[in-house]
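Colleague: I would like to go through this model feature by feature. Please give the criterion each time, then the case.

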Amino acid sequence: MNYPFWEVPFLGSSSVIAIIAIFHVMISQFAVGGGLWLPMAERKALREGRADWMEQLKKHSRFFLLVTGVFGTVSGVGIWFAIGLTQPEATSTLIHNFVFGWAIEWVFFLVELTTIAVYYYTWDRIPAKLHLTVGWVYAVSSICTLVIINGILTFMLTPGDTWLSVAGTGHEASKFWNAFFNPTYWPSLMMR
């Protein structure tokens, strides 16, 4: 073993990852579902002239900003910290195999964080149509984040025979798409 061993008494290091990951996944589902719900509800409120809905949506967008922007980000960093200590070689494989996938996911996540902040802070400050467009950008970026992270997460469960045939040879990156669209990619994406 090339790395130090991290032991968490009584709980175990894998349980620490599981606890953080469950919390993070719950938040990410809020981001994707809420990302779609916010602009859909705003569009309906605008069409029907429902000022009461608009007030509620303003409050609800603050909730999404705090949940996804603060708790989602912190728990995501927590997962990286925990997996880096618990399984450094597996973490290294994920980073090396999916470096461009991670980069794309982080760009979409940055767009997601930026647009939810813009969405919340621009209520009644920009034209309603532009505000709704910002909401749709948030929705699309949160879905794109899910689509990309799903390929990486399902790879950890089922890397697939094609990738496994080159594992350890230094040619793993040449099988990026096989690893990304692994046997459980589509079923998992549909479930999410």
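Colleague: Does Lys58 count as buried or exposed?

Modeller: The criterion is relative accessible area: buried means under 20%, exposed over 50%, and partly exposed in between, with a 1.4 Å probe and protein chains only. Lys58 has 16% relative accessibility and therefore counts as buried. Before we go on, the provenance: this is a predicted model, in which local features need pLDDT of at least 70 and side-chain atom pairs count only at pLDDT 80 or more, while totals for chains, interfaces and linings use all residues. Residues are numbered from 1 along each chain as its sequence is written, and side-chain values use heavy atoms, with hydrogens and water left out.

Colleague: With which residue does Glu55 form a salt bridge?

Modeller: The general idea is that side chains of opposite charge can pair when their charged atoms come close. Here a salt bridge is a side-chain nitrogen of Lys or Arg within 4 Å of a carboxyl oxygen of Asp or Glu. Glu55 pairs in this way with Lys58, and their closest N and O atoms are 3.0 Å apart. Glu55 is partly exposed, at a relative accessible area of 41%.

Colleague: Why are Glu55 and Lys58 separated by about one helical turn?

Modeller: Because they are three residues apart in helix H2 (residues 51–86). Helices here are DSSP runs of H or I with at least four residues, strands are runs of E with at least two, and both are numbered from the N terminus.

Colleague: Which residues are linked with Lys58 in a network of salt bridges?

Modeller: Glu55 and Asp124 are linked with Lys58 in that network. Asp124 lies in the loop between helix H4 (99–121) and helix H5 (128–157). Its relative accessible area is 64%, so Asp124 is exposed. The backbone of Asp124 also deserves a note: phi is positive, about 60°, although the residue is not a glycine.

Colleague: Where is Phe10, which has a positive phi too?

Modeller: Phe10 sits in the segment before H1. Its phi is near 70°, and this residue is likewise other than glycine. Phe10 is exposed, with 91% relative accessible area.

Colleague: How many salt bridges does the structure hold?

Modeller: Four. Among them is the one between Lys44 and Glu48, whose closest N and O atoms are 2.7 Å apart. These two residues are four apart in helix H1 (residues 13–48), so about one helical turn separates them. Lys44 is partly exposed at 39% relative accessibility, and Glu48 is partly exposed at 43%. Asp52 and Arg50 form another salt bridge, with closest N and O atoms 2.8 Å apart. Asp52 has a relative accessible area of 45%, which means partly exposed; Arg50, at 29%, is partly exposed.

Colleague: On to rings. How many aromatic pairs does the count come to?

Modeller: Rings of Phe, Tyr and Trp (its six-membered ring) pair if their centres lie within 6.5 Å; planes under 30 degrees apart count as stacked, over 60 as edge-to-face and the rest as tilted. By this rule there are 19 aromatic pairs. One of them joins Phe181 and Tyr185 edge-to-face, at 5.0 Å centre to centre with 80° between the planes. Tyr185 is buried, with a relative accessible area of 1%, whereas Phe181 is partly exposed at 37%. Phe181 also pairs with Trp186, and this pair is stacked: 5.8 Å centre to centre and 10° between the planes. Trp186 is partly exposed, at 49%.

Colleague: Which residues do ring pairs link into a cluster?

Modeller: The cluster consists of Phe98, Phe155, Trp163, Phe176, Trp177, Phe180, Phe181, Tyr185 and Trp186.

Colleague: With which side chain does the side chain of Asn97 make a polar contact?

Modeller: A polar contact is a pair of N or O atoms within 3.5 Å; within protein, one must be able to donate a hydrogen and the other to accept it, and residues adjacent in sequence count only if both atoms are side-chain atoms. The partner of Asn97 is the side chain of Trp163, at 3.2 Å. Asn97 is in helix H3 (residues 88–97) and counts as buried, with 6% relative accessibility. Contact in general means heavy atoms within 4.5 Å. Leaving aside neighbours within four places in sequence, Asn97 is in contact with Phe155, Trp163, Glu172, Ala173, Phe176 and Ala179.
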